Amino acid sequence: MSILRPVIDKACAACGSPKKRVLLTIMACVALPVVSVHGLEEHKIVDLTHALDESTIAWPTTRPFHREQTAWGVTPAGYWYASGDVVTSEHAGTHIDAPVHFAQGQTSVDDIALDRLIGPAVVVDVRVPCAQQSDYRLSVEDLHSWELRY
């Protein structure tokens, strides 16, 4: 855990939410074996996760994200306790759809091997057109332009 501690601490300080701290810690515990198994320490790892909050986009027919703080402070016994309840659709924000989502008898997300979720990637920078047009879509020409440069 010590390798990721500075990253986790910085992210926790930024989010300020006990639930998110727990999620970050769990993700860090899962990531460490992947690094050692796949030799990813030689590569740049890009974290594509996003915080979930009331502005998170969800599938229109599902319940929106909601977090209720249920405890935050020193208890009558004198120890700190922070807790909350989270409700969100499994189709909210950036997510992965499990194969079972569209095919009976298929795999759920927790059964997908982590090495199936890691692979080489490239960055096609379209920040400029996105700043000019909020619903900009990556085009074939963007990809051709990227290929010519690299």
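How accessible is isoleucine 96, and is isoleucine 96 buried, partly exposed or exposed? With a relative accessibility of 40%, isoleucine 96 counts as partly exposed, because that class covers values between 20% and 50%. The structure discussed here is a predicted model. The protein contains four helices and two strands, and these elements follow the order α-α-β-β-α-α from the N terminus on.

- The protein has 150 residues, of which 17% count as buried.
- Its accessible surface comes to about 12,200 Å², and carbon and sulfur atoms contribute 58% of that surface.
- Among contacts in the protein with a separation of 6 or more, 37% are between residues 24 or more positions apart.

**The strand pair**

- Strand β1, residues 66–74, runs antiparallel to β2, and eight bridges join the two strands.
- Within this pairing, glycine 73 is placed opposite tyrosine 81 of β2.
- The hairpin formed by β1 and β2 has five residues between the strands, and glycine 78 adopts a positive phi near 95 degrees there.
- In a regular strand, side chains alternate between the two faces of the sheet.

**Serine 83**

- Serine 83 belongs to strand β2, which spans residues 80–87.
- The relative accessible area of serine 83 is 18%, so this residue is classed as buried, the cut-off being under 20%.
- Leaving aside residues up to four places away in sequence, serine 83 touches Arg67, Gln69, Thr70 and Ala71.

**The nonpolar surface patch**

- Isoleucine 96 is located in the loop between β2 and α3, the latter comprising residues 127–132.
- Together with Val109, Leu114, Leu117 and Ile118, Ile96 makes a nonpolar surface patch of about 380 Å².

**The salt bridge**

- One salt bridge is found in a search of the whole structure.
- The side chains of aspartate 125 and arginine 127 meet in a salt bridge, with an N to O distance of 2.6 Å.

How values were computed:
Residues are numbered from 1 along each chain as its sequence is written. This is a predicted model: local features need pLDDT of at least 70, side-chain atom pairs count only at pLDDT 80 or more; totals for chains, interfaces and linings use all residues. Side-chain values use heavy atoms; hydrogens and water are left out. Buried means under 20% relative accessible area, exposed over 50%, partly exposed in between (1.4 Å probe, protein chains only). Contact means heavy atoms within 4.5 Å. Accessible areas come from the Shrake-Rupley method with a 1.4 Å probe; for residues, only the protein chains shown count as cover. Patches are made of residues with over 30% relative accessible area and no salt bridge: like charges are joined within 9 Å, nonpolar side chains (Val, Leu, Ile, Met, Phe, Trp, Tyr) within 5 Å. A salt bridge is a side-chain nitrogen of Lys or Arg within 4 Å of a carboxyl oxygen of Asp or Glu. Two strands pair if DSSP finds at least two bridges between them.
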